[in-house]
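Here is a friendly walk through one protein chain. Keep the sequence and the model open beside the text as you read.

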Amino acid sequence: MVIYDSILAGKRILFSGDTKQNSVEEVQDFVFGCASLVSPPLLGILNIIHPYVDLNSQDLLDDPVYIAGVIHPLFKSGKEFQKLYDVLIPIDKPQDDQKS
């Protein structure tokens, strides 16, 4: 519900994966899935989607509204990056405690 409300409120939503656990494609799936939560689509929603943002293209995160995905751990833990988003959604895979 937080994601849905954030889309409707026009917040800066950042999906954050981990380079060791997530592929770029997985993060992109979350971003596109987030945009598809609103149906019929909100006017201009495709203009605010940034499926993958890296450190070299982080200027995209200066937009007042966006739905974006990253896999660099600095976005999640670096204090200077925390001002770039309103809602951070970590993409964590469950740990497999059973080893064969």
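## Terms and model

A residue is called buried under 20% relative accessible area, exposed over 50%, and partly exposed in between, with a 1.4 Å probe and protein chains only as cover. By that scale, Leu 88 is partly exposed because its relative accessibility is 26%.

The model is predicted, so local features need pLDDT of at least 70 and side-chain atom pairs count only at pLDDT 80 or more, while totals for chains, interfaces and linings use all residues. Residues are numbered from 1 along each chain as its sequence is written, and side-chain values use heavy atoms, with hydrogens and water left out.

## Overall fold

Let us begin with the whole chain. Three helices and four strands make up its secondary structure, and they follow the order α-β-α-β-β-α-β from the N terminus. Here helices (H or I, at least four residues) and strands (E, at least two) are DSSP runs, numbered from the N terminus.

The C-alpha trace spans about 50 × 30 × 20 Å along its principal axes.

## Burial, contacts and charge

Of the 100 residues in the chain, 34% are buried. The chain exposes about 6400 Å², and carbon and sulfur atoms supply 54% of that area. Such areas come from the Shrake-Rupley method with a 1.4 Å probe; for residues, only the protein chains shown count as cover.

A contact means heavy atoms within 4.5 Å. Taking contacts between residues at least 6 apart in sequence, 59% join residues at least 24 apart.

How many positive and negative side chains does the chain have? There are 8 positive and 14 negative ones, and the centres of the two sets lie 7 Å apart. Lys and Arg count as positive and Asp and Glu as negative, whereas His and the chain ends are not counted. Each charge is placed at NZ of Lys, CZ of Arg, CG of Asp or CD of Glu.

## Two aromatic pairs

A pair of aromatic rings is described by the distance of the centres and the angle of the planes. Rings of Phe, Tyr and Trp (its six-membered ring) pair if their centres lie within 6.5 Å; planes under 30 degrees apart count as stacked, over 60 as edge-to-face and the rest as tilted.

The structure holds two aromatic pairs. Phe 15 and Phe 30 form a tilted one, at 5.9 Å centre to centre and 35° between the planes. This pair links distant parts of the chain, with Phe 15 in strand β1 (residues 12-16) and Phe 30 in helix α2 (residues 24-35), 15 residues apart. Phe 15 counts as buried because its relative accessibility is 3%, while Phe 30, at 39%, counts as partly exposed.

Phe 75 and Phe 81 also form a tilted pair, with 4.9 Å between centres and 50° between planes. Is Phe 75 buried or exposed? Phe 75 counts as buried, at 0% relative accessibility, and Phe 81 is buried with 8%.

Leu 88 is found in strand β4 (residues 87-90). Leu 88 and Phe 15 are 73 residues apart in sequence, and their C-alpha atoms are 6.1 Å apart in space. Not counting residues up to four places away in sequence, Leu 88 touches Leu 14, Ser 16 and Lys 76.

Pro 90 also has its place in strand β4 and is partly exposed, with a relative accessible area of 41%. Leaving aside neighbours within four places in sequence, Pro 90 is in contact with Ser 16 and Lys 76.

Finally, Ser 39 lies in the loop between α2 and β2 (49-50). Ser 39 is exposed, with a relative accessible area of 65%.
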